[in-house]
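Please look at the chain below from end to end before reading on.

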Amino acid sequence: KPKKQQQPQQKQQQKAKAKAAAMPVKKAALKTKESSDKMKEKLAAFSAAQKVWVGGLAETTTWKALEKHLAAVAKPKVTNIWKGKGCVAYESEDDAATVIATLNGSELDGKVLEVDTWTRPEKKAKTVKEEA
């Protein structure tokens, strides 16, 4: 009979562990959203001509590694990475142009980088549904 009493306790403990394990994920998601918004604000302070788009990043590449790689030519003011891409802002348009000319096709973490001018991401046009 003591075994029957332990089963509900074990289930409660498992639920408590599962709930506790889920908590940091929610907090991490909030921090990611907050940091993403802060990064957008920082990048908005720079003109498009001062920004460089970087593609072809390895999933393991950190923003610090990218910044160090790009700083060999010109020191970035802001560096942001997401899903294998990055946006880097420079103090001047000349710095951005020099980085593009020098580092496009360079290698970082075993991947060939595509370094190009920053263009504002295109928003997908909403399709209007026709009613029959």
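Of the contacts in the protein with a separation of 6 or more, what percentage is accounted for by residues 24 or more positions apart? In this predicted model, such residues account for 64% of those contacts.

**The whole protein**

The protein has three helices and six strands, and, read from the N terminus on, its elements follow the order α-β-α-β-β-α-β-β-β. Of the 132 residues in the protein, 25% are buried, while the accessible surface comes to about 10700 Å², with 53% of that surface belonging to carbon and sulfur atoms.

Confidence should be kept in mind when reading the model. The average pLDDT of the protein is 78, and 65% of the residues score at least 70. Over residues 23–31 the pLDDT stays under 50, and for this stretch the model has zero contacts beyond four places in sequence.

In soluble globular proteins, nonpolar side chains tend to be buried together. In this model the largest nonpolar core has 15 residues, and those with the most contacts inside it are V54, L66, L70, Y90 and V115. The elements β1 (51–55), α2 (63–71) and α3 (93–103) each supply at least two residues of this core, and α3 gives the most to it, with four residues. A second, separate core has seven residues, including L43, F46, C87 and A89.

L66, one of the residues with the most contacts inside the largest core, touches V54, L57, T61, T79, I81, V88, L108 and L113, leaving aside residues up to four places away in sequence.

T79 is found in strand β2 (residues 78–82), and it counts as buried because its relative accessible area is 6%, which is under the 20% cut-off. With residues up to four places away in sequence not counted, T79 touches M39, W63, L66, E67, C87 and V88. With one of these residues, E67, the side chain of T79 makes a polar contact through the side chain of E67, at 2.7 Å.

S106, in turn, is found in the loop between α3 and β4, and it is also buried, because its relative accessible area of 15% is under 20%. Leaving out residues up to four places away in sequence, S106 touches H69, K111, V112 and L113, and the side chain of S106 makes a polar contact with the side chain of H69 at 2.9 Å.

Where in the protein do K83 and D109 lie? K83 lies in the loop between β2 and β3 (85–89), whereas D109 has its place in the loop between β4 (107–108) and β5 (111–112). The phi of K83 is near 45°, a positive value in a residue other than glycine, and the phi of D109, likewise a residue other than glycine, is near 55° and also positive. K83 counts as exposed because its relative accessibility is 79%, which is over 50%, whereas D109, at 44%, counts as partly exposed.

| Residue | Relative accessible area | Class |
|---|---|---|
| T79 | 6% | buried |
| S106 | 15% | buried |
| D109 | 44% | partly exposed |
| K83 | 79% | exposed |

Notes: Residues are numbered from 1 along each chain as its sequence is written. This is a predicted model: local features need pLDDT of at least 70, side-chain atom pairs count only at pLDDT 80 or more; totals for chains, interfaces and linings use all residues. Side-chain values use heavy atoms; hydrogens and water are left out. Buried means under 20% relative accessible area, exposed over 50%, partly exposed in between (1.4 Å probe, protein chains only). A polar contact is a pair of N or O atoms within 3.5 Å; within protein, one must be able to donate a hydrogen and the other to accept it, and residues adjacent in sequence count only if both atoms are side-chain atoms. Contact means heavy atoms within 4.5 Å. pLDDT is the predictor's confidence in each residue, from 0 to 100. A nonpolar core is a set of buried Ala, Val, Leu, Ile, Met, Phe, Trp, Tyr and Cys residues joined through side-chain atoms within 4.5 Å. Accessible areas come from the Shrake-Rupley method with a 1.4 Å probe; for residues, only the protein chains shown count as cover.
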